[in-house]
Amino acid sequence: MIKKVALILLITNFIFWFLQPNDFVKLGAQLFNQNRFDEAIGCFLFALEQEPKNMSASFFLGRTLMYNNEMRLSKKIWKEFVNLYPGNLQGWKNLAFVYSEGFKKYDKAINIYKEVLKKDPYNVAVHIQLGWWLLLIGKLKEGFEECKWIEETETNKVANCQIQTWTGIESLIDKKVILYSNDEIGDTIFYLRYAKLIKDMGTKKISLMTRSTFMKHLFQSCPYIDFICDLDDTISEVDYKIRLGNLPILFKTDAHSIPSNTPYIYSDHALIKFWKNKLNLDKNIKVGLCWQGGDEHDTYEDTRRKNY
């Protein structure tokens with residue numbers, strides 16, 4: 001890779017000697033958007049050769065190295081970046097990301113994010129990412145508390161905002177409850193196991209609100225979900241609303257009390273019959289790959305998969 005970058009530098013020196021550093025930053029950004037990472041890296045390096053303290057060039061170089069899975073070099077760039085620009089919180093966030101995704105050093109990433117929150121205590125994205133990392137290392141209580149910040153995102157607003165929120169202490173006997181979620185599909189599937197606990201508390205009716213068409217189909221056969229609708233719909237005669245992702249906190253979940261009764265989601269019987277008939281004659285081994293969380297995302301991992 002280094003030889004390729006050196007060749008790119010030689011070519012750019014010869015052809016583009018008259019361009020300014022920021023011109024190379026713009027060109028590198030265009031190449032990055034086309035997933036031409038090696039060429040983009042060459043542009044950012046050339047800009048830094050002309051102007052060593054070009055903040056944009058350093059920033060985009062660190063990010064491109066991340067997407068190109070060159071984590072060791074990316075870590076070096078981000079450490080230099082935050083030393084030069086300690087007030088740039090995005091630089092700290094990227095350094096934390098490299099520690100977590102590149103080296104699995106979650107404690108380092110967590111400490112960086114906690115420092116970021118001291119300077120920017122209402123940064124919703126940082127709280128949420130911190131929550132995920134805390135959950136990953138088994139600090140469930142602290143992690144779920146941080147993940148509550150998802151409620152502050154616009155995508156998680158519910159039309160029935162005037163309805164009282166269940167705090168975990170009110171009786172649910174003969175009550176009508178809304179469970180709502182705009183979390184990732186995998187997270188929602190995990191949290192749904194708590195819906196049965198809500199039903200077992202004597203709840204009269206549970207309505208599930210989600211924007212995901214997939215989840216509407218997936219959960220329609222659940223015996224403890226009585227009604228499914230869109231997050232933007234308005235439901236009348238409801239006593240309480242609960243965000244699905246808050247249920248682990250409300251039930252004081254620890255590593256030993258995660259609901260484990262199975263099944264807690266149920267397949268559509270018509271679909272079971274359809275696929276059984278369709279695949280019955282195929283005796284080959286069948287493998288399913290989880291490729292991407294959703295079409296709306298364009299993450300570091302998704303970009304890596306596209307390059308396989």
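By the rule used here, one cavity of 30 Å³ or more is found. The model is predicted. My points follow.

1. **The largest cavity.** This cavity holds about 50 Å³ of space. Its lining consists of R193, K196, L197, P259, N261, P263 and Y264. Sorted by class, four of these lining residues are nonpolar, one is polar and two are charged.

2. **The second largest pocket.** About 210 Å³ of space lies here. Which residues line the second largest pocket? They are F214, H217, L218, Y266, S267, D268, L271, I272 and W275. Two elements, α12 (213-219) and α14 (269-279), each give two or more residues to this lining. By class, the lining of the second largest pocket has six nonpolar residues, two polar and one charged.

3. **How α7 meets α8.** Two packed helices are described by the angle between their axes and the distance between the axes. Helix α7 covers residues 106-119. The axes of α7 and α8 come within 10 Å and cross at roughly 150°. Angles over 145 degrees count as roughly antiparallel, and α7 and α8 are therefore roughly antiparallel to each other. Their crossing is left-handed.

4. **Residues between α7 and α8.** From α7 come Y106, A109, I110, Y113, K114, V116 and L117. They meet V126, H127, Q129, L130, W133, L134 and L136 of α8. The class count for this contact is eleven nonpolar, two polar and one charged.

5. **How α8 meets α9.** Helix α8 runs over residues 124-136, and helix α9 over residues 140-147. How do these two helices lie, and at what angle do their axes cross? The axes come within 7 Å and cross at roughly 160°. That angle makes α8 roughly antiparallel to α9. The crossing of α8 and α9 is left-handed.

6. **Residues between α8 and α9.** On the α8 side the contact is made by H127, I128, L130, G131, W132, L134 and L135. On the α9 side it is made by L140, E142, G143, F144, E146 and C147. These residues divide into eight nonpolar, three polar and two charged.

7. **Residues of α8 in both contacts.** H127, L130 and L134 are among the α8 residues that meet α7. H127, L130 and L134 are also among those that α8 brings to its contact with α9. Look at these side chains when you turn the model.

How values were computed. Residues numbered from 1 in each chain as written. Predicted model: local features only at pLDDT ≥ 70, side-chain atom pairs only at ≥ 80, totals over all residues. Heavy atoms only, no water. 1 Å grid on protein atoms, 1.4 Å probe; cavity = no way out; pocket = protein on both sides within 12 Å on 5 of 7 lines; lining within 4 Å. Points joined across faces, edges and corners; volume = space filled by probe spheres on them. Nonpolar A, V, L, I, M, F, W, Y, C, P; charged D, E, K, R; others polar. Axes fitted to C-alpha atoms, helices over the stretch in contact; angles between N-to-C directions. Helix = DSSP H or I, 4+ residues; strand = E, 2+ residues; numbered from the N terminus. Parallel < 35°, antiparallel > 145°, perpendicular 65-115°, else oblique. Left-handed = near helix turned anticlockwise from the far one by under 90°. Contact = heavy atoms within 4.5 Å.
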